[in-house]
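Please look over this chain with me. My comments are set out as numbered points.

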Amino acid sequence: MIDLTLQFKLIFFSFIFGFMFSASLEGFNKIIKKYSTVIEIIFSFLFIVFMSFLYFIGIERISNAIFHIYSILSIIFGFFLYDIIIKIIANNNKK
């Protein structure tokens, strides 16, 4: 069983990571569009590997690499919350 404070740290880190992953993926996709399909696939793979490496370093430092189902849900929630916030900002700027 994981200590409650560790769980909160892990969930918060996962949420922030999901949010930042969505933001960096959006920027990465804008940059990579101008290259050929083969280059896009290679760099996309390397980007995912790099982000996964960063995440596992983070959870290793926070909770000795204990991975919990709440981490996955928190990453997904952070990822989609970024998209929702961007859509709200875009709609407010159109008005």
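1. Basis. The model is predicted: local features need pLDDT of at least 70, side-chain atom pairs count only at pLDDT 80 or more, and totals for chains, interfaces and linings use all residues. Residues are numbered from 1 along each chain as its sequence is written, and side-chain values use heavy atoms, with hydrogens and water left out.

2. Fold. The chain has three helices and zero strands. In sequence order the pattern reads α-α-α. Elements are DSSP runs numbered from the N terminus: helices are H or I with at least four residues, strands are E with at least two.

3. Overall dimensions. The C-alpha trace spans about 45 × 40 × 15 Å along its principal axes. The radius of gyration is 16 Å, whereas a compact globule of 95 residues would have one near 12 Å. That radius is taken over C-alpha atoms, and the globule rule is 2.2 Å times the number of residues to the power 0.38.

4. Burial and surface. Of the 95 residues, 23% are buried. Here buried means under 20% relative accessible area, exposed means over 50%, and partly exposed lies in between (1.4 Å probe, protein chains only). The accessible surface comes to about 7,100 Å², with 73% of it belonging to carbon and sulfur atoms. Areas come from the Shrake-Rupley method with a 1.4 Å probe; for residues, only the protein chains shown count as cover.

5. Contacts. Take the contacts between residues at least 6 apart in sequence: 77% of them join residues at least 24 apart. Contact means heavy atoms within 4.5 Å.

6. Largest pocket. Its volume is about 200 Å³. The elements giving two or more residues to its lining are α1, α2 (37–63) and α3. The largest share, five residues, is from α2. The lining consists of Phe17, Phe21, Ile48, Met51, Ser52, Tyr55, Phe56, Phe67, Ile75 and Phe79. By class that makes nine nonpolar, one polar and no charged residues. The classes are as follows: Ala, Val, Leu, Ile, Met, Phe, Trp, Tyr, Cys and Pro are nonpolar; Asp, Glu, Lys and Arg are charged; the others, Gly among them, are polar.

7. How voids were found. The search uses a 1 Å grid over the protein atoms alone. A cavity is a set of points where a 1.4 Å probe fits but cannot get out. A pocket is an open set with protein on both sides within 12 Å along at least five of seven lines. Lining residues have an atom within 4 Å of a point. Points are joined across faces, edges and corners, and a volume is the space filled by probe spheres set on the points.

8. Largest cavity. About 30 Å³ of space lies in the largest cavity. Which residues line the largest cavity? They are Ile2, Gln7, Leu10, Ile11, His68, Tyr70 and Ser71. Two or more of the lining residues come from each of α1 (4–32) and α3 (69–94). Helix α1 provides the largest share, three residues. The lining has four nonpolar, three polar and no charged residues.

9. Is Ser14 buried or exposed? Ser14 sits in helix α1 and is buried, with a relative accessible area of 0%. Leaving out residues up to four places away in sequence, Ser14 touches Tyr55, Ser71, Ser74 and Ile75. Ser63 belongs to helix α2. Ser63 is also buried, at 2% relative accessible area. Apart from neighbours within four places in sequence, Ser63 is in contact with Leu6 and Leu10.

10. Lys33 lies in the loop between α1 and α2. Lys33 counts as exposed because its relative accessibility is 64%. The C-alpha atoms of Lys33 and Ile75 are separated by 25 Å, with the two residues 42 apart along the chain. Ile88 is in helix α3. At 45% relative accessible area, Ile88 is partly exposed. The C-alpha atoms of Ile88 and Ile69 are 29 Å apart, and the residues are 19 apart along the chain.
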